[in-house]
Structures are given as C-alpha cells and as structure tokens.
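Look through the structure first, then read the points below.

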Amino acid sequence: MDIAEVLKLADKLLFTHTGEHLDLLQETILKGTLQGNKYAEIASENYLSEGHVRDTASELWQTLSKTLGEDINKSNARSILEKITIYNSVSSGNFISFHQISICPKQQKKPKCCPLFKPSENNHLDLDATPEITAFFGRDNELNTLKTWLIQDHIRMITLVGILGIGKTTLAVKLIEEIQTEFQYIIYRSLQYCPTIDIFLTDLLQSVVSPAIFPNTLDRQVNLFLKFIKKHRCLIIIDDLQMLFETGQYAGQYKPEFEGYYLLFKQIAELSHSSSFLLITSEQPEYLTVDSPKFFRSLKLSGLGDCATKILKHKELLDQDNWHDLIEKYQGHPLWLEMTATMIQELFSSRVTDFLAYPSFVLSNEITFQLSRLWNRLTESEQQVINYLAKQENGVALMQVLQEIPDQPTDILKTIQSLKRRCLLEDTSHADQHHASLLKINSILKYYIISQH
C-alpha cells in the first residue's frame, strides 16, 4: 500500500465535497491509522494528548462518512480507502466514481496551512521584554568574541558572566542588533521573577508553536522544544539566571524547585543542533564549567577601563584630568560609575576634584544596597575568606590563605572556586612566572566589608 497515494486521494475526496483539505493533525491521524498505530501511539509521537487525538479522529471519521456515503471508523478506514485508491489507479478517465462519488484530479489544490511551528519568514524576533539601551560604551572586543562564537564556531551554550551592573544585558542587546539576520529565531527571556520550568517553556513555545499542536505535559513540551531548536537556527537569550540559584550555598547551585532548568540546559548542551543559547548570569552555573569547549564557552566581563570616560562625559562631569582616577577607584564598573556620577552632580556640583578630595571612599546608597544583597548570598565560608582578604593590603598567594584560615584545605579551595564563579575574586598575575598568582577582592567590595565592621 502506498500511504502517500492514499493520503493524497483522501485529501482530494475531502476537498471535493467540503471545500477544505486535510489539516496537519488530520493527516497525522490518518497516516497513523493506515500504519496500524493506536491513538496513544499517535499522540505520543506527536506530543499531543490522547484525548485530543481521539476527538479530532472522531470528527474526521464523521466527515469522511458523509463524503463516502457509508460508516467510516478507525477499524475500517484503511480497507475502504485502499479500495478507493485501487479504483483510482485503474481508471483512465478524468473522473473517478466510487459509491457515486466524483473526484476531479485536475482540481487546483490550495492546502489549508497548519504547520507544526509558526513560519519564521526571514527571521522571527521575540524581543518585547528586552531592555532598551540608550548608550553603549566600549566592549568591542567582547562583542566580536561573541559574534565569532555564535556565527563561525556555532557554539551551543555560552554563559555571559559578571558582577551585577557590569553591563552583561547591555552587551547582549547590542549583540542582537548586529546579528539579527544570522538566525531564523531570536528570543529574549528574563528569569527575574523566577518562573518554574513548565511556565517558562509554555511561554517560550507559545512564541513559535501553532496553538492547535501545543503539548499539555512538561515532557512533551521539552521534546517539542528540542525538536524546534534542531529544525531551526535559533538564538535564545536567557537573562538573570542567578535568580534560580540557592542563597547561602556555593555559587551556581539550583534551588530544588528549579532543577528542571538544569536538566533542560544539560540536554541542550549534549544534543546535536545548530541553535545557540546565551545565558546571562552573575554566577557561573557549576555543571557548565566542565563541558567540552567545542559546545560551551564562557565570557567574563570586567570593567570598561578608559572607555568609561564616555559615561562621565555623558553625565557632564567637570575636571576631566581627574576622570581616570575616578574610573580606577570604581574599577571601571559602568553602573557604579553612573551612580557615583549622579552623586557627584548632586553633592559636589559635578566637580570630580572635590569628590576625590573627600578623605574616605564614598559609596552611594544604591551601591551599598547591591553589595549587601550580594553579601547575603554567600556561604559562611565565603564570608570568612572575603573578610580575611579585605584585611590584606595586597594580593595574597593561595598557599597563604590555606595556611592562615583554620578550615580544611579542601573546603577553602571549594570556597575560593565559588567566589571566582561569583566574579568576586580576582587573580593577579605575579611578575615572576615561577610564582603562583595572587588573590584579591574588588576594591569597592573591600571598602564595603571594612565599613560594615
């Protein structure tokens, strides 16, 4: 039996007598029936509920029964349609008669469109939740690196990591502007409000999947999503990943209710496909640090350096000769400089010299609030190491930390690793390459810690 011929003929029968063609779901059910599959098998293979398949099949058999003039059901549909196909194959006329049914083979076919995925046309952009950027300073090297990884290397999973406010989202939005034509689908989502994995997937799939074929269980949603990223070249940007992680635990560990994300990302990293995922986070997810560089890369953002002068110029600060000192003092951190520049405008009449002449470090309320939230996420062991490093004038060798903090060396090593994944700990290369690098904390964080004691 040629199933394609039977489906083609059934479609002509239906169109001749109803004016409508078989839609995708009807064709799927009919094909499964011709192959001897049960409704449960048809539903499972196509990510549908069995009830939905049964209801659609019942309507199809009723329509075919009216068209053919006899009772059609799942058990006899195959034999009856085979007979019609045989009559069609031996007929030499322009019209075929079977039970007083006429089919005109020359009828122009205008299929009723019911695709599994919504068409992307040239490209499909779902960026309604993307923050607007009003200015973009520096980051040319980082931008080019991300372009290379996505366009030339086809990296499946990229984490964009950096301390809060360093400019990760701004860089991602700029990236979208420059590579829109390279992907069929570009989608941005934020996890700021901690959606569960089923809510997240439902929202994501509604952007790309036809409503008539929307799955109703999590496992089927995952299967359909994986099928989607294999069929289409997509860039999916997921922001605020750190919101899914535990507080008071080592960096990058998912809360129990969000472990579904871990499983999904693991499947995405291991599955063969041409799509890419950009995960934006202030904490590096633990498992992603061990995957093959062929499929995974991580880009850590640091301060803007001299490019940060554009922020101060935009804020119309005075005393340009002292801008470099201000930038260095605040580590070139764009958000901290924005907040500090606003304070200089309000309290020092925009004069950088007067601000720098103030005898102690000045942290705005916004910076202090950010750092307090960050501090509260740390484990006791991490807080202990940070407190120790805050008391040191210069960078400290790892061996010295292990000797002077009275904890198990293994625990201290895990703690330091976690602090690095939070972007709170810096490695400072030693001038003598035969010596180990030195550990130090960000100077703003250091001042915050000292001021709290």
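A residue counts as buried when its relative accessible area is under 20%. By that cut-off, Phe-245 and Tyr-254 are both buried. The model is predicted. Across the whole structure, a search finds 11 aromatic pairs.

**An edge-to-face pair**
- Phe-245 and Tyr-254 pair edge-to-face.
- Their ring centres are 5.0 Å apart, and 85° separates the planes.

**A tilted pair**
- Phe-361 and Tyr-447 also pair, with ring centres 5.1 Å apart.
- Their planes meet at 35°, so this pair is tilted. Planes under 30 degrees apart would count as stacked, and those over 60 as edge-to-face.
- The pair links distant parts of the chain, 86 residues apart.
- Phe-361 lies in the loop between α14 (352-356) and α15 (365-376). Tyr-447 belongs to helix α19 (residues 443-451).

- Phe-361 counts as buried because its relative accessibility is 18%, and the cut-off is under 20%.
- Tyr-447 has a relative accessible area of 25%, so this residue is partly exposed.

**An aromatic cluster**
- Phe-361 and Tyr-447 belong to one aromatic cluster.
- Tyr-330, Phe-348 and Phe-355 are also in that cluster.

**Charges over rings**
- Lys-74 places its charged end over the ring of Tyr-39. The distance to the ring centre is 5.3 Å.
- Arg-156 lies over the face of Phe-295. Here the distance to the ring centre is 3.7 Å.

Terms used
Residues are numbered from 1 along each chain as its sequence is written. This is a predicted model: local features need pLDDT of at least 70, side-chain atom pairs count only at pLDDT 80 or more; totals for chains, interfaces and linings use all residues. Side-chain values use heavy atoms; hydrogens and water are left out. Rings of Phe, Tyr and Trp (its six-membered ring) pair if their centres lie within 6.5 Å; planes under 30 degrees apart count as stacked, over 60 as edge-to-face and the rest as tilted. Buried means under 20% relative accessible area, exposed over 50%, partly exposed in between (1.4 Å probe, protein chains only). Helices (H or I, at least four residues) and strands (E, at least two) are DSSP runs, numbered from the N terminus. A charge sits over a ring if NZ of Lys or CZ of Arg is within 6 Å of the ring centre and within 35 degrees of the ring normal.
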